[in-house]
Amino acid sequence: MPDPSARSDTSDPAGRPPVRVNRRVFVRGALAAAGAAALAGAGYAGARWSRPTPSPSAGDPGVMRFRSRPDLAPPSVNVTGPAVGSPGYIFVTPKTFEGQAPGQLGEMIVDTRGDLVWFRETLGTPMNLRVQRYRGEPVLTWWEGRAFHGHGQGTCHVLDTSYREISTIRGHAPLYPDLHEFRISPQDTALVTSYRDRAVDLSTLGGKTEAPGYESLILEIDIATGEILWVWHSLDHVSIEETALTLEIAPHDRPFDYFHINSIDVLPDGDLLVSARNTNAVYRVARASGDIVWRLGGKKSDFAMSDNAHFFWQHHASWAGKGLVTVFDNADAPQMEAQSRALVLSLDERLMRATVHQSLQHPARLLCSNQGSVQSCSGGRTFVGWGDEPYFTLFDDAGSILLDGRFPEDKQSYRAFLQHWGARPQDPPVLAVGSNPPAGVTVYASWNGATEVHSWRVLAGAQRRLLRTVGEVPRSGFETAIAVNDKGPYFGVVALDATGQELARSAVTRT
């Protein structure tokens, strides 16, 4: 087991100022050759996301607003397709480039109609919201922190089904969780990506024998204690010569990022599947020794790659079972293909041959400079997040679109997932009371994060402790407006499940 303290290079890249890039740089077709070269290997092109200013107002387009939760201003989501309203929830982390759009950054769950289910604003860059299992129970996990130079430093969060935080994973200097991956292993440990400054020998690329560079790491961290249990160092197993990055296209204002780890998955036998954007390769890493078992793609591929199986500057390599591996093939920055795609590869580990099982592209001909995800779902379906383009798409087993969603043009999500989730928040429902010109009032009820609410009951009365039922309606989205012919002045709401049983009730409000 490698010693987490064995490396002596303790420089902290967080001290470098962030590089701010306007999103117009990434508009499809607008990259000149020199600009594309400058972006290569940066992962996120040096972009830094931060809380937009000023705060959104009630009239901002593309922003959801709620009478009962005026503190929330997530971006709107538009969903189309025959599978609108199908089971499952969509997990995203909307963000924007600094200084551009109104709205809030945060972790966000919407249903397959695009209606909000849960939103949590964050001051840091949000990444990688998804459902995982910890100690046999479903949990909600994500990363948030500060992004710079194509990676980041921050914390990983684990919440239970009441949205109570049960663990925050911080790492220890100089080993911090990076934004790209947070995977809970079958052993209930956290597998996270990390980056460190290292002097690297670039002489074989025509550079200096000792140049500033980045090394990619995998950290295994005990979720309960925060102890770092195991560290994998890319430079111990993958040489600089495997990089697809050159001195000509690498950003000259930052260390040379030869590997750029951006995903980790756990294979059935416990080995790790690791994606390295800047080598155009996916690696099978032996869990016990850390050795490379095989390479898929890149300069030293152990697999013979069939026509159209090659991928470039990829993200999010995952094991899909039955010899299938999914990869988000960016093929951009610098541009290698006309469009990005979700790629499903069939691996024959006996003949060591990789063939294309499925290749999925968006009809809008999206070319995604960075980010992106591919999720294998039941029934042969595939759910794709299009990274820095504001789309997510569900395809059926024949490649037809079942559901297509998008944020406003200025928003994006690192990854997107379609998963099942059941939650009952520890915070109670809330309400707001507005006028209803014909008679009485309109009550606005919501319960951020609740998935079991089927209907709302409205209580009203002249005294706080003497309320009666004055209305009951089905839930209609995140916030339900209920017109009642009563002047109160005291009001409350009760959340009911599909059987009519009470789940929770709000505090009583006086108008």
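1. Two aromatic rings of Phe, Tyr or Trp (for Trp, the six-membered ring) are taken as a pair if their centres lie within 6.5 Å. With that in mind, one can look at W118, W142, Y163 and W421, which ring pairs link into a cluster. Please keep throughout that this is a predicted model, and that the points below describe the model as it stands.

2. The chain has one helix and 35 strands, and of its 511 residues 60% count as buried. Among the contacts in the chain with a separation of 6 or more, 57% are accounted for by residues 24 or more positions apart. The accessible surface of the chain comes to about 19,800 Å², and 49% of that surface belongs to carbon and sulfur atoms.

3. The next matter is the aromatic rings, of which the structure holds 12 pairs. In one of these, the rings of W232 and F259 have their centres 6.0 Å apart and their planes at 50°, so the pair is described as tilted; the reasoning rests on the cut-offs, since planes under 30 degrees apart count as stacked and those over 60 as edge-to-face, with the rest called tilted. W232 lies in strand β12 (residues 228-233), while F259 lies in the loop between β13 (256-257) and β14 (261-266), and the pair therefore ties together parts that are 27 residues apart in sequence. Are these two residues buried or exposed? W232 is buried, with a relative accessible area of 2%, and F259 is buried too, with a relative accessible area of 0%.

4. A pair with another geometry label is that of W294 and F303, which is edge-to-face, with 5.0 Å from centre to centre and 90° between the planes. Both W294 and F303 are buried. An aromatic ring can also have a charged side chain over it by the rule used here, and R287 lies over the face of W230, at 4.3 Å from the ring centre.

5. Turning to charged side chains, the general idea is that side chains of opposite charge can pair when their charged atoms come close. How many salt bridges does the rule give? The count comes to 23 salt bridges. One of them joins the side chains of D115 and R113, with 3.5 Å from N to O. D115 is partly exposed, with a relative accessible area of 28%, and R113 also counts as partly exposed, at 45% relative accessibility.

6. E215 itself counts as buried, at 1% relative accessibility.

7. The side chains of R284 and D271 likewise meet in a salt bridge, at 3.1 Å from N to O. Here R284 lies in strand β16 (residues 281-285) and D271 in the loop between β14 and β15 (272-276), so the pair ties together parts that are 13 residues apart in sequence. R284 counts as buried at 11% relative accessibility, and D271 counts as buried at 13%; the reason for both labels is that buried means under 20% relative accessible area. Salt bridges that share partners join D269, D271, R284 and E349 into one network.

8. V266 and R284 are 18 residues apart in sequence, and their C-alpha atoms are 9.6 Å apart in space.

9. The other residue is S263, which also lies in strand β14. S263 counts as buried, at 0% relative accessibility. Which backbone atom does the side chain of S263 reach? The side chain of S263 reaches the backbone nitrogen of A317, at 3.1 Å. Leaving aside residues up to four places away in sequence, S263 touches E181, L273, V274, S275, H316, A317 and R415.

Notes. Residues are numbered from 1 along each chain as its sequence is written. This is a predicted model: local features need pLDDT of at least 70, side-chain atom pairs count only at pLDDT 80 or more; totals for chains, interfaces and linings use all residues. Side-chain values use heavy atoms; hydrogens and water are left out. Helices (H or I, at least four residues) and strands (E, at least two) are DSSP runs, numbered from the N terminus. Buried means under 20% relative accessible area, exposed over 50%, partly exposed in between (1.4 Å probe, protein chains only). A charge sits over a ring if NZ of Lys or CZ of Arg is within 6 Å of the ring centre and within 35 degrees of the ring normal. A salt bridge is a side-chain nitrogen of Lys or Arg within 4 Å of a carboxyl oxygen of Asp or Glu. A polar contact is a pair of N or O atoms within 3.5 Å; within protein, one must be able to donate a hydrogen and the other to accept it, and residues adjacent in sequence count only if both atoms are side-chain atoms. Contact means heavy atoms within 4.5 Å. Accessible areas come from the Shrake-Rupley method with a 1.4 Å probe; for residues, only the protein chains shown count as cover.
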